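Trainee: Hi! Could you walk me through this model before I get lost in it?
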Amino acid sequence: MNEAHLDKRYSSFVIGLLILFPILINSVKILGNMILLILVILGLYIAIAEKKNPFKIQELKVFSWITVGYFFIMLLSILIADGFDARFVSLGRKAHFLLAPLIALSIYQIDLPFKNILLALKAGLIIIGIVVMVQFLLGSSRPSGMINANIFGDIAVAMLFLSIVQVFNEKPKEQIITFIAAIAGVVVIFLSGSRGSWLSFIILSITFILLVYKPFLMGNKKNQLFLVLFFSVLFGFIGTQTDAGKKITNAVVNIQNWDNGDKTYTSSGIRMEMWESSLEAAKNSPWFGYGYRNSNKEVSKYVDSHNHTVAAFTHLHNEYLTTLLAGGLLGLVSLLVMLFAPIVFFYKNLKNQKTYYYASAGILLSIGYATFGFTHIAFGEEHVNAFYIFMLAYLLPRLIEKYEG
C-alpha cells in the first residue's frame, strides 16, 4: 500500500473522529475522551515515526507551551506542598493539558473545513436538546444527559456560540439548521438549571454582537432584524422559564442575607463564605499555593461556619480562587496565560479575511471558559477540559498557519 493511500486513509479516519467529537462530547459520557485518547496515540506515532516535535512546529508552539506549562505548574504545586508522598492520581483530571501537544500534532495537517466542524456542533446541540427534553418530560428537575448539570450547561454554552459564528455568511438552509441548533442549545442551558451557564450566556451574547457589529450589522438592516429576532426568541424562552427567574432572585436574596450575617446554608451563601476565606488562606502561601486538590481543606480552616462542608468540596466554585490556592500566584498566572494568551492571537487576526471566523470562534471559546470560572470550574473536570483542548487544538494552529501563509 503506497504512502499516498495511507495518508488518505489516515486523513479520512481523523476527519471522522473530528466530526464525531462535538456530536458526542456532551451526549455520551466516555466517547469524547476516547476520541482524544485515539488522537493522542496517533500524535505519539507521528512524533516518533516522523520525528516531529510539536514544540518546534510553528503552528503548534503557542498551543503546546501554554497547555503543558499549565500542567507542570499544577504538578509543581503538588510536589512543593506534599513532596513525593503526594497523591498524583488526582492530577489525572489535568492530563488533557499534558497530552494536548500530541492531540494537536495528530490533527494540524488535516484538511477539514471549518463549516464541517460547525455542522457537527449543531448536530451535537440538536441531539442534547432532544435528550434534555425527554428527561424533562420524564420528570427530571435538572436534565443534563449523563453529565453533571453545571458542566453540561457550560459545554452547551460554548457549543451554541461557536455554532452561530458564521450565521451571517450561511445560505438560508444552513441558517435554518443554525437556528434550530441554537434553540436546542438554549433549551439545554436553561433546563439544566446552571446559573453560572446563564451568566456566561449573557456575556457571550454581548461578545458575539460586538464581534459581528462592524462586519455584518453596521448599516445592514436585514442582518440587524435577523439578530433582533434571533435573540428575542432566545431571551423570550428565558423569560418563560419561571424557575430561572426564581433561582436568580433566590441567589440575590441569599447573598444579601449572608452579607447581613445570616450563616444558614445556601448555595450562594456557601460560595460567598468560601471566596472570602480563600483570600485569607492565600496570604499564608501566596507563591506556590497548597497543592492541587488541597484548596478546600485549607480554606475550611478559615471559614466561620460549615467548615466540614467546605472541606468536602473538591473545588471552591471559582476557577481563579481554586487555582490561586492550589498553585499560588504562579498557578494563577499559568491559568490566565492559557485563557488569555490565545485571545491576543485571535484578536490580532479579526481583520484578516482568511482568519476572521477562526479568530471569532477562538475569542468566544476563550471568553466563554473565562466566564465559566466565575462560579464553576473551567478546567477541573475531564469533559470540560476535553472540549477546550479539542477546539483550541483545531482553531489556534489553523489561524497561525493561515496568518503566516
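Mentor: Let's go from the overall fold to a few individual residues.

Mentor: This is a predicted model, where local features need pLDDT of at least 70, side-chain atom pairs count only at pLDDT 80 or more, and totals for chains, interfaces and linings use all residues. Residues are numbered from 1 along each chain as its sequence is written, and side-chain values use heavy atoms, with hydrogens and water left out.

Trainee: Fine. How many helices and strands does the protein have?

Mentor: There are 16 helices and zero strands. Helices (H or I, at least four residues) and strands (E, at least two) are DSSP runs, numbered from the N terminus.

Trainee: And what is the radius of gyration?

Mentor: The protein has 22 Å, which agrees with the value near 22 Å for a compact globule of 405 residues. That radius is taken over C-alpha atoms, and the globule rule is 2.2 Å times the number of residues to the power 0.38. Along the principal axes, the C-alpha trace spans about 65 × 55 × 40 Å.

Trainee: What share of the residues is buried?

Mentor: Buried residues make up 54% of the 405. Buried means under 20% relative accessible area, exposed over 50%, and partly exposed in between (1.4 Å probe, protein chains only). The protein exposes about 18500 Å², with carbon and sulfur atoms supplying 64% of it; the areas come from the Shrake-Rupley method with a 1.4 Å probe, and for residues only the protein chains shown count as cover.

Trainee: Now the inside. Which residues have the most contacts in the largest nonpolar core?

Mentor: Leu-39, Phe-114, Phe-208, Tyr-369, Phe-379 and Phe-387 do, in a core of 127 residues. Helix α16 (residues 382-404) gives the most to this core, with 14 residues. A nonpolar core here is a set of buried Ala, Val, Leu, Ile, Met, Phe, Trp, Tyr and Cys residues joined through side-chain atoms within 4.5 Å.

Trainee: What does Leu-39 touch?

Mentor: Not counting residues up to four places away in sequence, Leu-39 touches Val-14, Leu-17, Leu-18, Leu-102, Ile-103, Ser-106 and Ile-107. Contact means heavy atoms within 4.5 Å.

Trainee: What about Ala-361, buried or exposed?

Mentor: Ala-361 counts as buried, at 0% relative accessibility. Ala-361 is found in helix α15 (residues 356-375). Among the residues that Ala-361 touches outside its sequence neighbourhood of up to four places are Phe-114 and Val-165. The C-alpha atoms of Ala-361 and Val-165 are separated by 6.3 Å, although the two are 196 residues apart along the chain.

Trainee: Change of topic: how many aromatic pairs?

Mentor: The count comes to 20. Rings of Phe, Tyr and Trp (its six-membered ring) pair if their centres lie within 6.5 Å; planes under 30 degrees apart count as stacked, over 60 as edge-to-face and the rest as tilted. The rings of Phe-190 and Phe-201 have centres 5.5 Å apart and planes at 80 degrees, so this pair is edge-to-face. Phe-190 lies in helix α7 (residues 172-191) and Phe-201 in helix α8 (residues 195-217), so the pair ties together parts eleven residues apart in sequence. Ring pairs also link Tyr-70, Phe-97, Tyr-369, Phe-372, Phe-379 and Tyr-388 into a cluster.

Trainee: Last one: what is phi of Lys-51 and of His-317?

Mentor: Phi of Lys-51 is near 50 degrees, and phi of His-317 is near 55 degrees. Lys-51 is exposed, with a relative accessible area of 75%, whereas His-317 is buried at 15%.
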